[in-house]
Amino acid sequence: MKFCIFTHLFFRPNLFHFEEWLKYHIDFGVDHFYFYESSHAGIPCLQRDTKRDIDISMVGDIPYKEIYRHFDKIREKYNNYCTFIKWLPKDKNGNYLEHDQINAYEQVTAFDHFYKNYAKKHDRVSTIDCDEFYYSEKYDNIKSFVAQNQQNILLLGCKFFESVFINVGGLVTQKTKCLDKFSRVGSKYIFNPKNANLIYNHSPHFPPAKNKTSVNINQEELCLYHYKVNKNAKISIEHHGKQKMEYTEDKSISEKALYLKDYNFIEKPKIQQKFIDSKQDILGLGSFKWDEIQN
């Protein structure tokens with residue numbers, strides 16, 4: 001059984017929690033990760049979670065060269081687990097596409113590339129983001145879960161925790177503030193790529209599968225802990241889920257991941273003042289050892 005995760009990301013906003021997310025999921029049994037990174041000078045939203053109106057503290061005070069150097073150290077440390085692809089789709093005039101939060105074209109094209117080139121090397125694929133953590137009360141390993149749930153499409157619900165972008169710098173898995181109800185809002189899938197179409201459905205919330213029937217997985221079996229909540233996110237979750245939620249505290253993952261407090265994480269880059277990132281600095285083609293560059 002080979003299990004992989006695909007995600008489209010930007011290095012800068014995920015700087016402070018990326019290694020924790022990666023280490024946690026390696027320990028949970030994920031075999032490989034495919035990261036598609038699209039930073040370039042035409043993308044203005046990398047110091048802010050624009051969906052939820054959260055400024056991401058500190059990351060704007062670190063030069064891009066240092067950010068890429070930090071991620072390159074992570075790449076070296078976890079080399080056998082990761083494939084890093086610089087993904088830079090262009091418009092018809094040859095210009096890098098600007099990121100649109102509503103229609104993230106580079107995410108759609110990245111998944112299509114992943115599916116055609118990498119997905120079928122694995123038995124199961126998942127498309128979670130770097131603010132989403134698997135959690136199971138029953139299983140300590142993702143493969144143990146899949147062994148007991150071998151359907152082609154598995155639908156995972158969510159429990160929502162305080163955003164990764166609030167109080168940046170601490171371990172995300174030690175956050176305990178959350179909403180009190182399990183939800184199917186923003187659900188993600190685990191699916192068998194060998195029973196999938198070549199055409200991506202433009203959202204990680206809808207898997208490219210021939211058989212559209214999915215199996216809803218109970219919370220205690222496996223779910224996602226999604227670290228996205230602030231006031232705006234809470235209102236949106238309640239609206240889409242059609243249920244009122246209250247804040248509460250949940251220590252389940254903080255206790256399970258307590259060992260990460262003693263883990264030797266790579267030191268984060270230092271905050272600097274009075275620097276200017278060039279377009280090439282932001283692009284990072286020469287500052288990071290990419291496995292593949294698509295531009």
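The model is predicted, with local features requiring pLDDT of at least 70 and side-chain atom pairs counting only at pLDDT 80 or more, while totals for chains, interfaces and linings use all residues. Residues are numbered from 1 along each chain as its sequence is written, and side-chain values use heavy atoms, with hydrogens and water left out.

The protein chain has seven helices and 14 strands; helices (H or I, at least four residues) and strands (E, at least two) are DSSP runs, numbered from the N terminus. Of the 295 residues, 55% are buried, a term that means under 20% relative accessible area with a 1.4 Å probe, protein chains only. Contacts are defined by heavy atoms within 4.5 Å. Among contacts between residues at least 6 apart in sequence, 83% join residues at least 24 apart.

Helix 1 (residues 18-27) is largely enclosed by the rest of the structure, because nine of its 10 residues are buried. Those buried residues pack against strand 1 (3-9), strand 2 (32-37), helix 2 (64-77), strand 5 (82-87), strand 7 (132-135) and helix 6 (252-256). Just after helix 1, G29 adopts a positive phi of about 105°.

Strand 10 (residues 183-191) is also mostly covered, with seven of its nine residues buried. Strands pair if DSSP finds at least two bridges between them. Strand 10 runs antiparallel to strand 6 (residues 124-126), joined by two bridges, and S126 stands opposite I190. Strand 8 (residues 153-162) pairs with strand 10 in the antiparallel sense over five bridges, and C158 has S183 as its bridge partner.

Aromatic rings of Phe, Tyr and Trp (its six-membered ring) pair if their centres lie within 6.5 Å; planes under 30 degrees apart count as stacked, over 60 as edge-to-face and the rest as tilted. By this rule there are 34 aromatic pairs. The rings of Y24 and F133 have centres 5.4 Å apart and planes at 65°, so this pair is edge-to-face. Because Y24 lies in helix 1 and F133 in strand 7, the pair ties together parts 109 residues apart in sequence. Y24 is buried at 4% relative accessibility, and F133 is buried at 0%. The rings of Y64 and Y68, with centres 6.0 Å apart and planes at 35°, form a tilted pair. Both residues lie in helix 2, four residues apart, about one turn of the helix. Y64 and Y68 also belong to one aromatic cluster, whose members include W21, F71 and F288.

Note on methods:
Buried < 20%, exposed > 50% of the residue type's maximum accessible area, 1.4 Å probe, protein only.
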